[in-house]
Amino acid sequence: MPEIIKAYRQKVGSLRFIGKLYSDEDRINGTFGAKWGQFFENGWFSTIEQLVDDPGQTCEDGAAYIGLMRWKEGDPFQYWIGMFMPPDTDVPEGFEHVDFPAGDLGVCWVQGHEGEVYMQEEKCGRKLSEEGMKVINDEHGACWFFERYACPRFTEADKDGKIILDIAHYVQ
């Protein structure tokens, strides 16, 4: 059973997310795991990382790979794979981007076995609310949130085989 072991506010400057956009039709067996595999196989993270001297410069855990999501009632769900970069970073051919203003993130650390930590966004939103943060939508009424695969929290399991996945929402 996954457990939220930490919830906190993180201030971030303006960010440019660079990656590739997927939709519900791209899911295989309900997940985007195959798209993540394709990202690694094609070296697309390396392409993004090479855009700047220090991929981690954007914010705390800035070098992490990101599964960015956009949800708005009545609109198609969006799932993006990529990384956050400084706001003026050039977007390479074959990639897309989303620009975000400076703001606050509500971050939850979800600990559990790998198959358990995903799709905990609503649970994290409730936890952030309990901590006095309000999940906010963008100017178009869409909610943006993301999985942050921070190393070594996500890549190195503890003695019980558990990892930590960051799930973040924009908050006020």
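This is a predicted model: local features need pLDDT of at least 70, side-chain atom pairs count only at pLDDT 80 or more; totals for chains, interfaces and linings use all residues.
Contact means heavy atoms within 4.5 Å. Residues are numbered from 1 along each chain as its sequence is written, and side-chain values use heavy atoms, leaving out hydrogens and water.

- R70 sits in strand β3 (strands are DSSP runs of E, at least two residues; helices are runs of H or I, at least four; both are numbered from the N terminus).
- R70 is buried, with a relative accessible area of 11% (buried is under 20%, exposed over 50%, partly exposed in between, with a 1.4 Å probe and protein chains only).
- Leaving aside residues up to four places away in sequence, R70 touches D75, P76, F77, Q78, A142, C143 and W144.
- With D75, the side chain of R70 makes a polar contact of 3.2 Å (a pair of N or O atoms within 3.5 Å; within protein, one must be able to donate a hydrogen and the other to accept it, and residues adjacent in sequence count only if both atoms are side-chain atoms).

**Helix α1**

- Helix α1 spans residues 33-41, and K35, W36 and F39 are buried in it.
- Seen down the axis, the buried residues of α1 fall within an arc of 105°, so they line one face of the helix (the arc is that of the directions from the helix axis to the C-beta atoms).
- An α-helix has 3.6 residues a turn, so residues three or four places apart point the same way.
- The cover over these buried residues includes β2, α2, β3, β4 and β7.
- After α1 comes G43, with a positive phi near 70°.

**The two pockets**

- A pocket is an open set of points on a 1 Å grid over the protein atoms alone, with protein on both sides within 12 Å along at least five of seven lines; lining residues have an atom within 4 Å of a point.
- The largest pocket holds about 500 Å³ of space (the space filled by probe spheres set on the points, which are joined across faces, edges and corners).
- Its lining has 20 residues, with W36, Y79, Y118, E147 and Y149 nearest the centre.
- Helix α1 gives the largest share of that lining, three residues.
- The second largest pocket has a volume of about 260 Å³.
- Of its 14 lining residues, F100, P101, D138, E139 and Y170 are closest to the centre.
- Strand β5 gives the largest share of this second lining, three residues.

Methods
On a 1 Å grid over the protein atoms alone, a cavity is a set of points where a 1.4 Å probe fits but cannot get out, and a pocket is an open set with protein on both sides within 12 Å along at least five of seven lines; lining residues have an atom within 4 Å of a point.
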